[in-house]
Amino acid sequence: MRRVWLLALRDLRLEVRDRLGVLSALAFLFVNLFVMALALGPEEGTLRRAAPGVLWVALAFLSTLLATRAFGRETEEGTLDDLLLVPGSKEWVYFGKLLFQLLVLLPLALLALFGAAGFFHVPLERGGALFLTLALGSLGYASVATFYAGLLSRLRGREVLLPLLLFSLVVPVVLASVRATAGVTEGLPLGEVAPWWQLLLVFDLVYVTASALLFPLVMEG
């Protein structure tokens, strides 16, 4: 756990120090939300119905970008092999990169939620339920994005290959996240939204476990 936290905090410090990556991610989020709001028109009902889908598409692309940056930095500086040469199991590298991605993604997801509230008239009265949905959906998506980013880290054109391999596998996570977000914003009873949370939790457990077990094999291979 100490290795996991040290790696995540190191990457977070480098990301904050660089500033360009975080600022680019913020610009991408709000430009995406703004353009989609303009395209859908001024009708409040239409905007509110489209908000969950627009929000999660933006977060999906953002998570892909963060995963690419996390391993891209190691490849460019030649430090990935140094991490893998540390004695012991290699799962800690995966969990460190995943934790870094969540530490950046969740605050940005909250900012995106506030942006959606402004552009798409999304109600925020049930903030706890919305944050739970963001956390479960972000974990499921980031777990697979981190695995594939590591798998492709040494290949040329990894920025193009990553979305192609990733999106087909995480479609269930995105769909469940959209349905849960829509249920919360539409005011449905939480008992009707809970099955989507349970489904997301199952996806999270399966994806995180499978990715952690396979990560050492694909990185050493």
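User: Which residue just after H1 takes a positive phi? Start there, then work through the helix and its salt bridges.

Analyst: The residue is arginine 19, with a positive phi of about 70°, just after H1. Keep in mind that this is a predicted model.

Now the helix itself. H1 covers residues 2–18, which is 17 residues. At 1.5 Å a residue, H1 should span 24 Å. Its end C-alpha atoms are 24 Å apart, so expectation and model agree.

Next, the burial pattern. Val4, Leu7, Ala8, Asp11 and Glu15 are buried in H1. They cover an arc of only 95° around the axis, so they sit on the same side of H1. The general rule is that an α-helix has 3.6 residues a turn, so residues three or four places apart point the same way. Arg2 and Arg17 are exposed on the other side of H1.

Take aspartate 11 first. Its side chain meets that of arginine 10 in a salt bridge, at 2.7 Å from N to O. Aspartate 11 has 0% relative accessibility, so it counts as buried. Arginine 10 has a relative accessible area of 23%; buried requires under 20%, so arginine 10 is partly exposed. The pair belongs to a network of salt bridges that links Arg10, Asp11 and Lys97.

Glutamate 15 is the other. Its side chain forms a salt bridge with arginine 69, at 3.0 Å from N to O. Glutamate 15 is in helix H1 and arginine 69 is in helix H3 (residues 44–77), so the pair ties together parts that are 54 residues apart in sequence. Glutamate 15 counts as buried because its relative accessibility is 1%. Arginine 69, at 25%, counts as partly exposed.

The side chains of arginine 48 and glutamate 44 meet at 2.9 Å, N to O. Both lie in helix H3, 4 residues apart, about one turn of the helix. Arginine 48 is partly exposed, with a relative accessible area of 34%. Glutamate 44 is partly exposed as well, at 40% relative accessibility. A search of the whole structure finds 4 salt bridges.

An unreviewed UniProt entry places the feature "transmembrane region" at several spans, among them residues 20–41, 53–71 and 129–152. In the model, residues 53–71 are 100% helix and 0% strand, with end C-alpha atoms 28 Å apart. Residues 129–152 are 96% helix and 0% strand, and their end C-alpha atoms lie 35 Å apart.

Serine 138 is buried, with a relative accessible area of 2%. Its side chain reaches the backbone oxygen of leucine 134 at 2.6 Å. Beyond its neighbours within four places in sequence, serine 138 is in contact with Trp56, Leu102, Leu105 and Leu106.

Last, valine 193 in helix H8 (residues 190–220). Its relative accessible area is 1%, so valine 193 is buried. Leaving aside neighbours within four places in sequence, valine 193 is in contact with Ala180, Gly183, Val184 and Leu188.

Notes:
Residues are numbered from 1 along each chain as its sequence is written. This is a predicted model: local features need pLDDT of at least 70, side-chain atom pairs count only at pLDDT 80 or more; totals for chains, interfaces and linings use all residues. Side-chain values use heavy atoms; hydrogens and water are left out. Helices (H or I, at least four residues) and strands (E, at least two) are DSSP runs, numbered from the N terminus. Buried means under 20% relative accessible area, exposed over 50%, partly exposed in between (1.4 Å probe, protein chains only). Contact means heavy atoms within 4.5 Å. A polar contact is a pair of N or O atoms within 3.5 Å; within protein, one must be able to donate a hydrogen and the other to accept it, and residues adjacent in sequence count only if both atoms are side-chain atoms. The expected span of a helix is 1.5 Å times one less than its number of residues. The arc is that of the directions from the helix axis to the C-beta atoms. UniProt positions are given in the numbering used here, feature names are shortened, and annotations may be inferred rather than shown by experiment.
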